[in-house]
Amino acid sequence: MAAMSFPDPVEQPYEAAQASAAALAAATGADRHDIAIVLGSGWKPAADQMGEVAAELPMTDLGGFPEASVQGHGTSVRSIVNGDRRILAFMGRVHLYEGHHPNVVAHAVRTAVRAGCSTVVLTNAAGGLRPGMWPGQPVLISDHVNLTGRTPLLGPNDDRIGPRFPDMSTAYSPRLRDLARSVDPTLEQAVYGGFLGPTYETPAEVRMARTLGADLVGMSTVIETIAAVHAGAEVLAVSLVTNLAAGLSDEVLDHDDVLAVAAHSAERMGGLIAQIVGRT
Ligand code: HPA
């Protein structure tokens, strides 16, 4: 599928997303998808709760996607039937810290929007900063502080994707957060501080993030949210708190522990997201 002439998502993000969406339709037989979900570290079990898998293929078959490299991130994409909705589930994501351009990180979300998705659900594993947060706790992201110093909107704006100066005041859809809390009233909300990684933060960086208003820290999501808002999609984002951020406990931060904690809660969250999808 990845023909030599496949548009480069860095140079031609619109054309690349359009081409990947066309490849998706051809591979799945579905002309459109309605809701996209991006599964972060340890979130894979959530996908099994979302409906019947109608098709599953390697993300790279769609063109424009690099091989994912981090443990815990699969490389397939699923087309899932949930009632009268089609869910497009990316079983992993690419990150800035792997060396990818922000437009490559944003390619999944832009493809989803070109495929018809008006809702984008982003999931991740995150360190918790707010007192009272506990490993395994799912938290709705209410806002973010982009500490990566990157954006997928740098350079000339492509008006076919979205406006030059997108409004970010309701980036994390209040409507979808209300919907999520109507399904599960115990869900708390928090501000996500997006770091570049791949190191976990230093204790001083964690104190900085708290001072700046972050309740969670992680290495993903902010670029995808910017791309989704730019493209006019509604965003729901859910973090699984997998650890207390550096300096807040005596634990040494370890990726395997992050995955183990996430897996425990991911299944429950999959059911929650399926219910939310049914109500969107
Ligand atoms: N920091 C950054 N990213 C993370 C963390 C953390 O503490 N936990 C899981 N992902």
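1. Just after helix H4, Gly 116 takes a positive phi of about 115°; helices here are DSSP runs of H or I with at least four residues, strands are runs of E with at least two, and both are numbered from the N terminus. This is a predicted model, in which local features need pLDDT of at least 70 and side-chain atom pairs count only at pLDDT 80 or more, while totals for chains, interfaces and linings use all residues. Residues are numbered from 1 along each chain as its sequence is written, and side-chain values use heavy atoms, with hydrogens and water left out.

2. Helix H4 itself, residues 107-114, is mostly covered, with seven of its eight residues buried, where buried means under 20% relative accessible area, exposed over 50% and partly exposed in between, using a 1.4 Å probe and protein chains only. The buried residues are His 107, Ala 108, Val 109, Arg 110, Thr 111, Ala 112 and Val 113. Their cover includes helix H1 (13-28), strand S1 (35-38), strand S4, helix H3 (102-105), strand S5 (119-128) and helix H7.

3. In soluble globular proteins, nonpolar side chains tend to be buried together. The largest nonpolar core in this model has 46 residues, and those with the most contacts inside it are Leu 62, Val 77, Leu 88, Phe 90, Leu 122, Leu 216 and Val 235; such a core is a set of buried Ala, Val, Leu, Ile, Met, Phe, Trp, Tyr and Cys residues joined through side-chain atoms within 4.5 Å. Helix H7 (residues 222-230) gives the most to this core, contributing five residues. Apart from it lies another core, of 29 residues, which includes Leu 140, Leu 176, Leu 187 and Val 277.

4. Which residues does Phe 90 touch, not counting residues up to four places away in sequence? With contact taken as heavy atoms within 4.5 Å, and with those sequence neighbours left out, Phe 90 touches Ala 36, Ile 37, Val 38, Leu 39, Met 59, Phe 65, Ser 76, Val 77, Ala 108 and Ala 112.

5. A search of the whole structure finds one aromatic pair. Phe 65 and Phe 90 form this pair, which is tilted, at 6.0 Å centre to centre and with 35° between the planes; rings of Phe, Tyr and Trp (its six-membered ring) pair if their centres lie within 6.5 Å, and planes under 30 degrees apart count as stacked, over 60 as edge-to-face and the rest as tilted. The pair links distant parts of the chain, since Phe 65 sits in the loop between strand S2 (52-58) and strand S3 (76-82) and Phe 90 in strand S4 (residues 85-90), 25 residues apart. Both Phe 65 and Phe 90 are buried.

6. Two backbone features deserve a look. Most residues other than glycine have a negative phi, and most peptide bonds are trans. Thr 221, although not a glycine, has a positive phi of about 75°; Thr 221 lies in the loop between strand S8 (216-218) and helix H7, and is buried, with a relative accessible area of 1%. The peptide bond from Gly 197 to Pro 198 is cis, with omega near -5°, and Pro 198 is found in the loop between strand S7 (188-194) and helix H6 (203-211).

7. Ala 55 lies in strand S2 and counts as buried because its relative accessibility is 15%. Ala 55 touches Thr 28, Val 77, Arg 78 and Ser 79, again leaving out residues up to four places away in sequence. The C-alpha atoms of Ala 55 and Gly 29 are separated by 8.9 Å, although these residues are 26 residues apart along the chain.

8. Is Val 261 buried or partly exposed? Val 261, in helix H8 (residues 255-279), counts as partly exposed because its relative accessibility is 23%. Not counting residues up to four places away in sequence, Val 261 touches Pro 135, Gly 136, Val 241 and Thr 242.

9. Tyr 192 lies in strand S7 and, at 0% relative accessibility, counts as buried. The C-alpha atoms of Tyr 192 and Ser 142, 50 residues apart along the chain, are separated by 7.8 Å.
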